[in-house]
Amino acid sequence: MNLDIEIIGGQRLIAHLAEAIKNIDPEMKEALRDVARKVVQDAKAICPVDTGSLRRSIRAEEYPPEAEIYRIYVVAGGKIINPKTHRLVDYASYVEYGTSRAPAQPFLRPALEQNRVLLRQVLMNGLKEAFRS
């Protein structure tokens, strides 16, 4: 059985969305940076500590816009040398999700969950402003 769907006004919707993206306020980007900083702060507070290297590796990273997409990530691992192993911190996912030998000790997901309402509010406010213009 085939089902054909025709969207009337689809091109107009696409044009409206493209225009709305252009209207996203730089203040929204700063608000998203603030949310990311809060997630980093909360993740560092939750992160289990042995040497402190994993905690120090938690950071927000912003990526250059591609195709008008703004990206900011909260990441852990890399860029920090663990004093015990003398290697880059490469075990963040093992701590977050656990292994067959060690239970999960999540710190990134709970930090994001703690800030879900704030993130949603920032996104909704920014999108409302973009579509008002």
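Is Arg-87 buried, partly exposed or exposed? Arg-87 is partly exposed, with a relative accessible area of 49%, where buried means under 20%, exposed over 50% and partly exposed in between (1.4 Å probe, protein chains only).

A word on the model before we go on. This is a predicted model, in which local features need pLDDT of at least 70 and side-chain atom pairs count only at pLDDT 80 or more, while totals for chains, interfaces and linings use all residues. Residues are numbered from 1 along each chain as its sequence is written, and side-chain values use heavy atoms, with hydrogens and water left out.

Now to the charged pairs. The structure holds eleven salt bridges, each a side-chain nitrogen of Lys or Arg within 4 Å of a carboxyl oxygen of Asp or Glu. Among them are these:

| Glu-62 | Arg-33 | 2.9 Å |

Glu-96 is buried at 2%, whereas Arg-109 is partly exposed at 41% relative accessibility. Arg-33 and Glu-62 also belong to a network of salt bridges with Glu-30, Asp-34 and Arg-37.

Ser-57 counts as buried because its relative accessibility is 1%. A polar atom of the Ser-57 side chain lies 2.8 Å from the backbone nitrogen of Gly-77.

Notes: Polar contact = N/O pair within 3.5 Å; in protein donor to acceptor, adjacent residues only side chain to side chain.
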